[in-house]
Amino acid sequence: MAITIRIPTALRKLAGGLDKVSADAGTVREVIAALGVSHPALAAQLLDEAGNLRSFVNLYANEDSIKELNGLDTPLKSGDDLSIVPAIAGG
Amino acid sequence: MSDFKTLIAKVKSTITEVSVEAAKAELGGSIFLDVREPSETADGHVKGALLIPRGLLELRVEDRITDKARPIVAYCAGGNRSAFAAASLRELGYTNVTSMIGGFAAWKQAGLDFAVPVTLTAEQSVRYSRHLLMPEVGEAGQIKLMQSKVLLLGAGGLGSPSAYYLAAAGVGTLGIIDSDVVDRSNLQRQIIHNESRIGMPKVESAAKTIAELNPDVKVKAYNTRLTAENVLEIFSDYDVIVDGGDNFPTRYLVNDACVHLGKPNVTGSVFRFEGQITVIQPGVGPCYRCLYPEPPPPEFAPSCQEAGVLGVLPGTMGLLQATEVIKLLLGLGSPLVGRLMLYDALEQKFRELKIRRDPGCKMCGDHATFTGFTEYEQFCRLEPAT
């Protein structure tokens, strides 16, 4: 069940410079757990200590925010995209 | 053979004339038809009057006044041309036409209200001709732009192209707030400044460039930082806010103030090769906090004005912002409300993601109550925390 995780330029440094990585997972939570093993610094950017999505990051499963779906329990299937969309402030 | 005096006397004997006082009582009920030339009506006319010059009256009036029983008060400058007009209208079948004695001169002399129409000068008609050619903008739209007030947060990477094009488009008042001075490292992207302005306050430099581009535009320069103390006073004057700031604390302050005041906020941001833009229209769509409830703490903040950015990227994003501003001012098209547009310069790809209003949002949620502004710590980091 390969999910493609899209990494924005702001966070690529935390993923060895990669713009996407893949993970075998059935839910968003499982994707982040897999990232916690392969790219722990990136995973730490997504969830706070209590395991909640950080207030300055959004995750989009394909075109929809996981907040509008089932949050971290949103199911994913092979071929789905999970995009990390962090707040950026540069002007 | 007749002379003018005889002719006008004859014409007046066949029509009904009314005094200015009697005409005034007709305001709101009758159609006031101004038959003077455009050069005369440009200095003022009865409020709400229909303007058709005497020479074009017979050609145009039936398109403009279809109900021939509608009461019409025709007037000109002194009462003669409108007498001829009234006679002609009766010939065309209009049954309830009067001519105002003394014309607009008498109206003004009686101290009655009149409107001075906003019109484009000959130079403006040329300058904005490519706008005027499009019915979606036209003269009314151009005048609307000229009467609009837009505030730009930052005269930097995003603010430079936005302000430049909004000035070219003829937006009448541009407020620009920035407390920085021009630095040589800005010139790779901040196109409103130039080499000779290094060391000059950015707002002053931007005002100079705009004055050279378009003297129609009034620039209000705020050489200061936006704070919880000054934000409401500064914002209250403007129709649209354009957030091109370079830090999180200001972005949240701008969002919160716009939601509080109900002002649209066209917010854009850039980082390296990527940009984000959305339009926040309070009461219509989500706000910035619905998307990102709280800013990152300094150790997680990925950007500040010193973080790298591809110089052309803020050009692309700033112009998308300017486009949204023009659309909002003219009420055209579909604004980017509830839509976050992401731009990836390396892939040359745009993506659009849906944003929904969060009923639990601290600023615009169902139970949100305004208790003052939250001011976040200003910080600046070069790289994301690792």
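A residue counts as buried here when its relative accessible area is under 20%. Keep that cut-off in mind as you tour this predicted model.

**Stop one: the sheet.** In chain B, select strands β6 to β13. You will see an open sheet of eight strands with mixed pairing, in the order β8-β7-β6-β9-β10-β11-β12-β13. Now colour its two edges: β8 (218-222) and β13 (349-354) of chain B, each of which pairs on one side only. If you look along the sheet, the twist from one strand to the next averages 15°.

**Stop two: helices against the sheet.** Select residues 159-169 of chain B to bring up helix α10, which packs on the sheet. Helix α10 touches β6 (149-153), β7 (173-177) and β9 (240-243) of chain B, and its direction makes about 165° with that of β6(B). Next, select residues 202-213 of chain B: this is helix α11, lying across β7 and β8 of chain B and running at about 155° to β7(B).

**Stop three: one strand pair.** Show β11 (residues 274-280) and β12 (residues 339-344) of chain B, which pair in the antiparallel sense over four bridges. Within this pair, find B:Q276; B:L342 in β12(B) stands opposite.

**Stop four: B:T250.** Move to helix α13 (residues 248-261) of chain B, where B:T250 has its place. Is B:T250 buried or exposed? Its relative accessibility is 11%, so B:T250 counts as buried.

Terms used
Residues are numbered from 1 along each chain as its sequence is written. Chains are lettered from A and ligands numbered from 1 in the order in which they are written. This is a predicted model: local features need pLDDT of at least 70, side-chain atom pairs count only at pLDDT 80 or more; totals for chains, interfaces and linings use all residues. Side-chain values use heavy atoms; hydrogens and water are left out. Two strands pair if DSSP finds at least two bridges between them. Axes are lines fitted to C-alpha atoms, for helices over the stretch in contact, and angles run from 0 to 180 degrees between N-to-C directions. Contact means heavy atoms within 4.5 Å. Buried means under 20% relative accessible area, exposed over 50%, partly exposed in between (1.4 Å probe, protein chains only).
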